[in-house]
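The structure under discussion is shown next.

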Amino acid sequence: MELSVVAVFLVAGVASLFMSWVIGAGSSGATPFAPAVGANAISTMRAAFVVGIFGFAGAVIQGANVSEAVGRGLVGGGSLPATGVIVVLFIGAGLMAVGIKTGYPIATAFTVTGAVVGVGLALGGTPVWSKYLQVGAVWLLTPVVGGGLAYAIASVLPRNDVPERYSVAALAGLVGAVLANVEFAYLGPGERAGTAAGFVGRTLGAETATTAGSVSVLVGLGVAGLVWWDVGRQTTNGLRRVLLALGSLVAFSAGGSQVGLAVGPLLPLLDGVEMVSVTAVLVGGGAGILVGSWTGAPRMIKSLAQDYSSLGPRRSIAALVPSFLIAQAAVFLGVPVSFNEIIVSAIIGSGAAVGGGDAVSPRKILVTVGAWAGSLVFALAAGYAVVLALPMQ
């Protein structure tokens, strides 16, 4: 391999690491624990430390699906050259860095998706309309579903006729049942990805839908029973522990969904490099997210926790439950989804349920939505223009 080719590959790798760092400092590192910080369940710096650990784990264990979609599923007719990958990553990371600097959460999925499509189409690729429809549907439904679920949950939790010992336990049980059916690396047959419910079924020699359903119910009941006991024993501390557990799961989900935005464009480059595995790339991306969370996330955590809504433990739980469910659905579908969009929608929904219009900042919401849409259009146009202006090797 020529020295110039090696140099281009190294630059692409550095650009991917930079993108990983920006994701950790921004969306992946800030959003999962913002509700917990807003509820005073954990300090900002400790939240940044914990979210980095879980984000790294999620990137390695769950990052393959979205990485494949970003790397090979957005443009047909060929793969991006190394210089095209560099353009994509620097456009996405640059826009994210602007968001971190200004305190507004730019949607990573919008910037990277726009840049990949813009560069790919300028290079002669063909649109993959089926994937665009799937991605667009998820993006449009996320604020409706996430905000709606958060609003519904936050409306129930404060009610006197629904004791928190039961309502929070039921929510925790639902999360536990879903977690039993989430795919993890190496849990499937032949070291492929698989679910905990499926793994138990294979171990027992009865890998059927009935077994998977029974395992899910048992896990859900076990989690619900534990939370029922803990919240009943000491309500305030019990709610905080539930909130921190949910934040950890959301951080894990963020790593699994967001790492693909940083390393996905690299995957086509690995087709001719057998010595580098997808797992190694995911580990590198996860490490970048980890460092970004530790060094750059506190600013965005503070912005989300304090500026978007006045949150307590109950509304924070209401925001994190739909965030976890939507993130895992996106990972399963292999759709690059914006974690900022997920968590901000949930925060707004949960805050509006109890505090009404006074609990959220309309100006901040409008500016944020404008930044999301603008970043998608700008990234697509910039990627297309750069390719036309510069030769791509």
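In this predicted model, helix H12 (residues 235-263) packs against helix H14 (residues 313-333) at an angle of about 25 degrees, with the two axes 9 Å apart. Because angles under 35 degrees count as roughly parallel, H12 is described as roughly parallel to H14. The crossing of H12 and H14 is left-handed. On the H12 side, the residues making the contact include Leu 239, Leu 243, Leu 246, Val 250 and Ser 257; on the H14 side, they include Pro 313, Ile 317, Leu 320, Phe 324 and Val 331. Gly 247 and Gly 256 of H12 also take part, as do Arg 314 and Gln 328 of H14.

| Property of H12 | Value |
|---|---|
| Length | 29 residues |
| Span, first C-alpha to last | 42 Å |
| Span expected at 1.5 Å a residue | 42 Å |
| Kink centred on Ser 257 | about 25 degrees |

The end-to-end reach of H12 is thus close to the expected value, although the helix has a kink centred on Ser 257. Ser 257 is also among the residues of H12 in contact with H14. H12 is mostly covered, with 21 of its 29 residues buried.

A separate point concerns Pro 362, which lies in helix H16 (residues 362-389). Pro 362 counts as exposed because its relative accessibility is 52%, the cut-off for exposed being over 50%. The C-alpha atom of Pro 362 is 9.8 Å from that of Ile 348, and the two residues are 14 residues apart along the chain.

Notes
Residues numbered from 1 in each chain as written. Predicted model: local features only at pLDDT ≥ 70, side-chain atom pairs only at ≥ 80, totals over all residues. Heavy atoms only, no water. Helix = DSSP H or I, 4+ residues; strand = E, 2+ residues; numbered from the N terminus. Buried < 20%, exposed > 50% of the residue type's maximum accessible area, 1.4 Å probe, protein only. Expected span 1.5 Å × (residues − 1). Bend = angle between axes of the 7 residues up to and from the residue. Axes fitted to C-alpha atoms, helices over the stretch in contact; angles between N-to-C directions. Parallel < 35°, antiparallel > 145°, perpendicular 65-115°, else oblique. Left-handed = near helix turned anticlockwise from the far one by under 90°. Contact = heavy atoms within 4.5 Å.
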